[in-house]
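Me: Hi! Could you walk me through this structure in plain words? I may jump around a bit.

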Amino acid sequence: MTAGTTLTNGTTAEHELAVLQREHGRPLFALLVRLCDGDRQRAEDLVQETLVRAWQHPEALRAENFDSVRPWLLTVARRLAIDARRARQARPAEVGDAVLENARVISDHAERAAATLDVREAVKTLTPEHREVLVLVYFQGASVAEAATALGIPPGTVKSRAYYALRALRRVLPGYASDMR
């Protein structure tokens, strides 16, 4: 389409837009692919937006002071690409499904509270000797030597009671067994 093409009722007719697309679509697309860093889909979107702008501004297409509308179209396309890049940089990066699938899942408070209740009930099923060792070593953070001194038993007995207490808890809490290793 050249600058002298007539327009129907002040708007670009459908066939005239098709002529614009045929004559200027490839150069527009080539420019936009470069400006969009090879993103062909974004370039196609911007070509369509450029043609919409041409449809919205038919006066620019019939200006008599230039031989072709291509410079106007390329300028509009370049400005649209710059605006799109600025808009993308102004908002947070988009996250794809692949990133979300690999994201670490953090349990909520309800799950943690339920697990705490389950463990408390399971600890109540242990013998008093096993429970004492488990509470000192795992819940209060005492070392084996400190627990042995506090309970008045040898360190080897603390170790064996802790081992058998954990083994009993694994049987009572099968769903938590992987967390207790």
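Me: Which residues sit on the face of H4 turned away from its buried side?
Reply: That face carries the exposed residues Pro71, Arg79, Arg86, Gln89 and Ala90. Buried means under 20% relative accessible area, exposed means over 50%, and partly exposed is in between (1.4 Å probe, protein chains only). One note on the source: this is a predicted model, where local features need pLDDT of at least 70 and side-chain atom pairs count only at pLDDT 80 or more, while totals for chains, interfaces and linings use all residues. Residues are numbered from 1 along each chain as its sequence is written, and side-chain values use heavy atoms, with hydrogens and water left out.

Me: And which residues of H4 are buried?
Reply: Leu73, Val76, Ala77, Leu80 and Ala81 are the buried ones in H4. Seen down the axis of H4, its buried residues fall within an arc of 135 degrees, so they line one face of the helix. The arc is taken from the directions from the helix axis to the C-beta atoms.

Me: What covers them?
Reply: The cover of the buried residues of H4 includes helix H1 (14-35) and helix H2 (40-56). Contact here means heavy atoms within 4.5 Å.

Me: Why does the length of H4 agree with what it should span?
Reply: H4 has 21 residues (70-90), and at 1.5 Å a residue they should span 30 Å; the end C-alpha atoms are 30 Å apart, so the two agree. The expected span is 1.5 Å times one less than the number of residues.

Me: Zooming out, how many helices and strands does the protein chain have?
Reply: The protein chain has nine helices and zero strands. Both are DSSP runs, numbered from the N terminus: helices are H or I with at least four residues, and strands are E with at least two.

Me: What percentage of the residues count as buried?
Reply: Of the 181 residues of the protein chain, 28% count as buried. The chain exposes about 12,500 Å², and carbon and sulfur atoms supply 53% of that. Those areas come from the Shrake-Rupley method with a 1.4 Å probe; for residues, only the protein chains shown count as cover.

Me: Which residues touch the most other members in the largest nonpolar core?
Reply: That core has 19 residues, and Leu20, Leu32, Leu46, Val47 and Leu73 touch the most other members. H1, H2 and H4 each supply at least two residues of this core, and H1 gives the most, with six residues. A nonpolar core is a set of buried Ala, Val, Leu, Ile, Met, Phe, Trp, Tyr and Cys residues joined through side-chain atoms within 4.5 Å.

Me: OK, H2 next. Which of its residues are buried?
Reply: In H2, the buried residues are Ala43, Leu46, Val47, Thr50, Leu51 and Ala54. They cover an arc of only 140 degrees around the axis, which puts them on the same side of H2. What covers them includes H1, helix H3 (58-61) and H4.

Me: What about the face turned away from that buried side of H2?
Reply: There you find the exposed residues Gln41 and Gln48. Gln48 has 54% relative accessibility, so it counts as exposed. The C-alpha atoms of Gln48 and Leu28, 20 residues apart along the chain, are separated by 9.9 Å.

Me: Where does Asp37 lie?
Reply: Asp37 lies in the loop between H1 and H2. Its phi is near 55 degrees, a positive value in a residue other than glycine. With a relative accessible area of 61%, Asp37 is exposed.

Me: New topic: how many aromatic pairs does the structure hold?
Reply: The structure holds one aromatic pair. Tyr163 and Tyr164 form it edge-to-face, 5.0 Å centre to centre with 80 degrees between the planes. Rings of Phe, Tyr and Trp (its six-membered ring) pair if their centres lie within 6.5 Å; planes under 30 degrees apart count as stacked, over 60 as edge-to-face and the rest as tilted.

Me: Are those two buried, exposed or partly exposed?
Reply: Tyr163 is partly exposed at 45% relative accessibility, and Tyr164 is partly exposed with a relative accessible area of 44%.

Me: Last one: what is Arg161 in contact with?
Reply: Leaving aside its neighbours within four places in sequence, Arg161 is in contact with Glu129, His130, Val133 and Ile153. Arg161 has its place in helix H9 (residues 155-172).
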